[in-house]
Amino acid sequence: MKTPVSTYVTTVPETTWVRWLPNALPAAGYTTLKNSADEPIDVTKIKSPDYQNITIYQTVVDSESSKMVKLDKVTIPAKGRFELVPGKYHLMFEKPTHLITPGDNARVIFFLSTGKVFKLKMPVRTSPELY
């Protein structure tokens, strides 16, 4: 049985991309997720046929250093947005299942607390300016 697709979660296309790195190095991905529902929605898991592992990280900065903290879930507020942007939050794409190069699209499935999914194709590029 197929998992139903959410109609409440969408994205801002111009914010959506994966930073390509050579030699199958882990790559960061960014997007803005929007929730049109009257209730918050959690992203509880992320999968892709193009990568073996995708996790969500938050960059935490203190007075002396910064570190990446792995998150088990993120919440898209009711009638709000959750921004995965450099320096704050990002998706970490690890272990590609095939050769990924700039110009490709990474297929991503966000599993939601509603029991539904949100599917997204994320353009792979070397820089955010390359649309």
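Trainee: Quick one to start: what percentage of the 131 residues of the protein count as buried?

Mentor: Of the 131 residues, 37% count as buried. Keep in mind that this is a predicted model.

Trainee: Good to know. How many helices and how many strands does the protein have?

Mentor: There are zero helices and eleven strands. Read from the N terminus, the order is simply β-β-β-β-β-β-β-β-β-β-β.

Trainee: And what radius of gyration does the protein have?

Mentor: The value is 15 Å. A compact globule with 131 residues would have a radius of gyration near 14 Å, so the two agree.

Trainee: What about contacts, how many of them join residues at least 24 apart?

Mentor: Taking contacts between residues at least 6 apart in sequence, 68% join residues at least 24 apart.

Trainee: Let's go inside. Which residues touch the most other members of the largest nonpolar core?

Mentor: That core has 26 residues, and the ones touching the most other members are Leu-33, Val-43, Ile-46, Leu-91, Phe-93 and Phe-110.

Trainee: Which strands each supply at least two residues of this core?

Mentor: Strand 3 (27-35), strand 4 (41-47) and strand 5 (51-61) each do. So do strand 7 (74-76), strand 8 (81-84), strand 9 (89-96), strand 10 (105-112) and strand 11 (117-125).

Trainee: Switching to backbone angles. Which residue other than glycine has a phi near 60°?

Mentor: That's Ala-24, and the value is positive. Ala-24 is in the loop between strand 2 (17-19) and strand 3. Another one is Lys-95, with a positive phi of about 55°. For background, most residues other than glycine have a negative phi.

Trainee: Where does Lys-95 lie, and is Lys-95 buried or exposed?

Mentor: Lys-95 lies in strand 9. Lys-95 is exposed because its relative accessible area is 55%, and the cut-off for exposed is over 50%.

Trainee: Now Lys-34. What is Lys-34 in contact with, leaving aside neighbours within four places in sequence?

Mentor: Lys-34, whose place is in strand 3, is in contact with Tyr-8, Val-9, Thr-10, Thr-11 and Val-12, plus Ile-76, Gly-80 and Arg-81. Lys-34 counts as partly exposed because its relative accessibility is 30%.

Trainee: How many residues apart in sequence are Lys-34 and Gly-80?

Mentor: They are 46 residues apart in sequence, yet 5.9 Å apart in space, C-alpha to C-alpha.

Trainee: Is Gly-80 buried or exposed?

Mentor: Gly-80 is buried, because its relative accessible area is 18% and buried means under 20%. You'll find Gly-80 in the loop between strand 7 and strand 8. Leaving aside neighbours within four places in sequence, Gly-80 is in contact with Leu-33, Lys-34 and Asn-35. The C-alpha atoms of Gly-80 and Leu-33 are separated by 8.5 Å.

Trainee: Last topic, the surface and charges. How many positive and negative side chains does the protein have?

Mentor: The protein has 17 positive and 12 negative side chains, with the centres of the two sets 8 Å apart. As for the surface, the protein exposes about 7700 Å², and carbon and sulfur atoms supply 53% of it.

Definitions and conventions. Residues are numbered from 1 along each chain as its sequence is written. This is a predicted model: local features need pLDDT of at least 70, side-chain atom pairs count only at pLDDT 80 or more; totals for chains, interfaces and linings use all residues. Side-chain values use heavy atoms; hydrogens and water are left out. Helices (H or I, at least four residues) and strands (E, at least two) are DSSP runs, numbered from the N terminus. The radius of gyration is taken over C-alpha atoms; the globule rule is 2.2 Å times the number of residues to the power 0.38. Buried means under 20% relative accessible area, exposed over 50%, partly exposed in between (1.4 Å probe, protein chains only). Contact means heavy atoms within 4.5 Å. Accessible areas come from the Shrake-Rupley method with a 1.4 Å probe; for residues, only the protein chains shown count as cover. Lys and Arg count as positive and Asp and Glu as negative; His and the chain ends are not counted. The place of a charge is taken as NZ of Lys, CZ of Arg, CG of Asp or CD of Glu. A nonpolar core is a set of buried Ala, Val, Leu, Ile, Met, Phe, Trp, Tyr and Cys residues joined through side-chain atoms within 4.5 Å.
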